[in-house]
Structures are given as structure tokens and as C-alpha cells.
Amino acid sequence: MNPITQTLQADKLIKMALEEDITSEDVSTNAVMPEYRKGKVQLLCKQDGVICGLSVFLRTFRLLDEATEAEFFVSDGDEVKKGQLLAELTGDIRVLLSGERVALNYLQRMSGIATYTRSVAKLLEGSKTKLLDTRKTTPNMRIFEKYAVRVGGGNNHRYNLSDGVLLKDNHIGAAGGVAAAVRAAKEYAPFVRKIEIEVETLEQMKEALDAGAEIIMLDNMSPENMAEAVKMAKGRAETECSGNVTKENISRLVNLGVDYISSGALTHSAPILDVSLKNLHPVD
């Protein structure tokens, strides 16, 4: 089992999703299957993409009944095709029915993110630039969505607000300027953490460099200004490009020489990958 499902955080979140879907009982299932009967069901792929979240998918059923078994024919990160048989699950038919929607929601969402991320990451192949995600994730889904980004070939930016220093425009406004914000962060943050700050102009870029920022995010700058900012930062700080980056427009950024490109679209705009459970039947 993947380590993602071995954490207390993941189990707690999956249980919350199950509790959202089953507040007292599964009336439909209990009506047609009032007692235990062993069954088998197939997991089928309905469109091409990258599969991700198989361990979370299985864990959803096992939180209802640890005896649920699965035979997987693919692994996280594999490219899958429409019509492909991905797995077969065996267990209590009541569990297979009651856990179906929540398990598929996780698998579809995570596979969609992995699929979209893979398509964007391929556009950066051959460059030195790393693709990053953001904190623009679905509430209570971050642990799963950031894992899906990694499976798709991207990299994770900070996990949450406790994970690193990133001073954005409102932090700068609150502190009274770029230099003041960097100075305050250096005084407060542990020495092991790098200071990253967002800038929107070349004037702010110079101020951030002079203040000793270690990573500088170039937010919604023109390609020309970003190229100039990268030259200014050489040997002094790493650079990150950000601001409405999608698969459709990332090509204009590939040759700028930035160290990182971050894209909220990896998590907030990826469509699901359509998969389904079919052919449920009793077995002896």
C-alpha cells in the first residue's frame, strides 16, 4: 500500500467523505442486499489518461470492511486506455455498493490531476525548469491532490502555510514594502527556511535581491520583463514564474530560464478521468 494511505490524516479524511455519503445507512443497498454475500466487480477505464489513487480507492472500501480484496492490473502513474480493465474487487457486496461513489470520486479526481499534470510536464521536457503546484486545492483534498501532481510528473510547492515562507502582495502591503517584508521574515523564520517573495515589477525585483530574498516569484510579468528579471537574479536568487499558467500558455515561458513555473491549474482546473465500477455479481 502506498504510504499516502498509511497516514492518520488520509484515513481521517476518507472517513469524513464516507460519513458525508452515509449519514445513517445506505438505504438502497440495504433494501436489495440485507445480509452478507460475497461479490466481485470490475474497475473499468472510460477514457485515455494517467491513473492515480489506486491505494486511496482500495482504502475507502477497507475502511468499511478490511476484508475487501483487490487485484490491480495497473499501477499509479501508468497510462491507461479507454475500455481497459484496471482492477477487480472482491468482498461484501454491501461494502462494494456503499463505498463505490466515494472511492470513484477519489480515483477520478486524482487521475484527472495526474493526467493534466503529465500533459503540462511534457511541455517542459528538455528545459531546466521544474513544474510546481500551488495551494489552490480542494478543501480537505490537498494530501491527495498534491500526491497526484507528483504522480503526473510535477513537483510540490509548499504543502501549507506552516511549510515555508512565501511573501505575497498583501504581506508586502502589510509590512510596508518588499525590503521590510523580507527583513521581517528573516528575523522571524527559522534559519533553515528559505525566504520567497512575490514581485510584479523590475523595481521590486531589484529591491528583493538587495534585501536578500532567496527565491523570487515573478507574478504576472510580461515575458520580456521576466527574461530581464532572470538575468538580474543570476547567481543571487532562484526564480519562479507564476500567474494564470495553463497548458495552453506555458510554452511562452519555457525558454525564459526560470528555475520553477507554478500553476494552480494543475489542481483547480484539471478535469476528472472517467472510470467506473461495472459488472457486479455474486460469487461463491
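**Exercise 1.** In this predicted model, determine how many bridges join strand S9 to S10 and which way the two strands run.

*Solution.* Strand S9 (residues 215-219) is joined to S10 by five bridges, and the two strands run parallel. Within this pairing, the residue opposite Ser242 of S10 is Asp219. Turning to burial, S10 (residues 238-242) is mostly covered, with four of its five residues buried.

**Exercise 2.** Classify the packing of helix H5 (residues 100-121) against helix H6 (residues 142-152).

*Solution.* Two packed helices are described by the angle between their axes and the distance between the axes. For H5 and H6, the axes come within 7 Å and cross at roughly 40 degrees. Angles under 35 degrees count as roughly parallel and 65 to 115 as roughly perpendicular; H5 and H6 are therefore oblique to each other. The crossing of H5 past H6 is right-handed. On the H5 side, the contact is made by Tyr106, Arg109, Met110, Ile113, Ala114, Thr117, Arg118 and Ala121. H6 contributes Phe144, Glu145, Tyr147, Ala148, Val149, Val151 and Gly152.

**Exercise 3.** Is Thr267 buried or exposed, and which residues does Thr267 touch?

*Solution.* Thr267 lies in helix H11 (residues 265-268). The relative accessible area of Thr267 is 1%. Buried means under 20%, so Thr267 is buried. Leaving aside residues up to four places away in sequence, Thr267 touches Arg109, Ile113, Lys136, Thr137, Glu145 and Val149. Among these, Arg109 and Ile113 belong to the H5 side of the contact in Exercise 2, and Glu145 and Val149 to the H6 side.

Definitions and conventions: Residues numbered from 1 in each chain as written. Predicted model: local features only at pLDDT ≥ 70, side-chain atom pairs only at ≥ 80, totals over all residues. Heavy atoms only, no water. Axes fitted to C-alpha atoms, helices over the stretch in contact; angles between N-to-C directions. Parallel < 35°, antiparallel > 145°, perpendicular 65-115°, else oblique. Left-handed = near helix turned anticlockwise from the far one by under 90°. Contact = heavy atoms within 4.5 Å. Buried < 20%, exposed > 50% of the residue type's maximum accessible area, 1.4 Å probe, protein only. Pairing = 2+ DSSP bridges.
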